[in-house]
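Subject: Structure handover

Hello,

I am passing this structure on to you. Please look it over before reading my notes.

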Amino acid sequence: MASKIHKICCVGAGYVGGPTMAMIANKCPDIRIDVVDINEKRIAEWNSEILPIYEPGLSDLVAEARGRNLFFSTETERAIREADIIFISVNTPTKTYGQGAHRAADLRYVESVSRTIAENAEEPKIVVEKSTIPVRTAEAIRAVFDASETQHHHEVLSNPEFLAEGTAISDLESPDRILIGGEQTPGGLEAINQLADIYNRWIPEERIIKTNLWSSELSKLVANAFLAQRVSSINSISALCEKTGADVDEVAKAIGADSRIGPKFLNASIGFGGSCFEKDILNLVYLCEHFGLPEAAQYWESVLQMNDWQKQRFADQIVDSFFNTITDKVISILGFAFKKDTNDTRKSPAIDVCKRLLEEKATLLIYDPKVEPTKIYDALETDEENSNVVICSDPNQTFEKAQAIVVLTEWDEFKDIDYEAAHQAMQKPAWIFDGRNVLDHKKLTGIGFKVRSIGKPNEA
Ligand SMILES: NC(=O)c1ccc[n+]([C@@H]2O[C@H](COP(=O)([O-])OP(=O)(O)OC[C@H]3O[C@@H](n4cnc5c(N)ncnc54)[C@H](O)[C@@H]3O)[C@@H](O)[C@H]2O)c1
């Protein structure tokens with residue numbers, strides 16, 4: 001069957017909209033894709049050599065399609081008018097005010113795009129929720145359409161994105177599944193099939209799951225909640241390992257060998273970060289409360305409490321190791337992104353740890369291979385005037401007179417640092433706090449470092 005989709009519009013050129021559309025553009029060279037955003041600076045960056053986000057493989061993908069069938073602009077209204085299918089990929093942060101504050105999703109951007117669609121679409125379209133939204137948001141979008149003057153019947157689909165930052169391109173190339181939810185009406189089912197046809201160009205049919213709207217919307221929140229829960233579960237065990245002499249990596253290997261548990265996502269660390277896990281769990285908690293299920297809400301909230309405790313526990317360990325005095329001590333911070341292979345710092349655990357060290361008046365020399373200095377200053381709510389926060393362009397610059405190295409992101413390059421030279425440059429005793437368990441602790445101890453890590457029997 002020939003595809004009826006010739007033009008796609010994606011509203012929101014962020015971590016999801018940009019990479020997702022770059023992949024579709026590469027797999028479907030006959031479809032024109034307009035990625036639009038209200039942020040002019042971001043669009044200018046998408047049209048430049050240095051893209052606004054870092055993802056391995058992304059710049060090649062964009063270079064191949066940009067100007068051919070992939071276009072970045074701020075021309076939202078035109079792109080909506082011309083498109084057969086419109087993806088909504090805008091941000092859906094946690095609400096900071098009013099009803100549901102600090103829990104519910106703030107849907108004002110989704111609503112604003114829905115209004116722009118209602119006002120500009122001159123014929124019925126397929127509208128796809130790509131953003132992560134609370135279950136039953138499609139109802140709210142539909143209400144906006146129904147209240148509009150044109151009253152076109154746009155089909156609303158839910159097609160949540162499961163990519164993980166840092167591996168976005170391989171996740172998009174070969175996803176575990178594509179989920180498409182829609183109304184179980186002839187029009188809804190036809191729209192589901194049209195969207196499935198696009199993905200089916202490179203993704204086998206058996207990996208495309210078709211459901212009703214509400215199952216699809218809810219599944220995205222649940223997937224993130226389960227992933228975060230695994231991190232909090234292993235982190236809770238890491239604390240117990242430190243008390244008992246068990247090694248959390250050995251425990252993870254032993255339990256992960258059970259095929260019912262599986263080995264992935266069992267790395268103990270300072271905790272999860274990123275823009276999604278916390279906000280999606282808060283959203284789930286809010287939904288449970290809203291539907292009168294306080295026990296279920298409490299259960300999921302504990303995943304976040306465990307994560308906060310882990311970050312605090314790690315920062316406290318650093319302060320405790322210096323007998324509660326790190327005032328004026330120089331501390332090397334390796335990594336600021338919330339995980340490796342991304343320049344995203346949203347909800348990075350590095351922020352909480354650094355803030356805690358700054359509260360204690362330490363001086364931080366921070367290095368991250370991909371995060372721009374302005375993002376670090378913004379995240380720490382400070383600027384270059386603050387002499388306690390120094391951003392370095394080379395990890396070796398952070399060791400001079402430092403008392404401790406603190407690893408906050410698992411960048412591969414941190415394994416290749418010359419730690420003998422680092423040790424020589426540092427004040428003694430020199431400490432390493434490995435918040436990601438990525439370094440060779442035995443070797444570091446041999447060099448003379450005092451090493452603290454997560455969930456390991458720590459030497460005195
Ligand atoms: N980042 C991830 O790893 C990830 C993964 C899966 C799902 N998601 C979800 O996808 C959605 C987008 O996330 P993101 O990380 O790409 O966010 P982002 O903040 O990087 O990008 C969102 C973009 O939408 C733009 N925007 C907002 N309102 C607009 C409007 N009215 N018109 C045009 N543009 C508008 C913003 O300017 C911004 O550039 C969120 O709901 C998120 O939960 C994110």
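Below are notes on a sheet, a helix pair and the ligand surroundings.

This is a predicted model: local features need pLDDT of at least 70, side-chain atom pairs count only at pLDDT 80 or more, and totals for chains, interfaces and linings use all residues. Residues are numbered from 1 along each chain as its sequence is written.

Sheet. Six strands make an open, parallel sheet in the order S11-S10-S9-S12-S13-S14. Strands (E, at least two residues) and helices (H or I, at least four) are DSSP runs, numbered from the N terminus, and two strands pair if DSSP finds at least two bridges between them. S12 (404–407) and S13 (431–434) pair over four bridges, with Val407 opposite Asp434.

Helix pair. H9 (213–244) and H10 (248–256) pack at about 130 degrees, their axes 9 Å apart. Axes are lines fitted to C-alpha atoms, for helices over the stretch in contact, and angles run from 0 to 180 degrees between N-to-C directions.

Ligand. Of the 27 residues around the ligand, Gly12, Gly14, Tyr15, Ser131 and Thr132 come nearest (a residue is near if its C-beta atom, placed from the backbone, lies within 6 Å). Helix H5 (108–120) gives the largest share of this shell, three residues.

Regards
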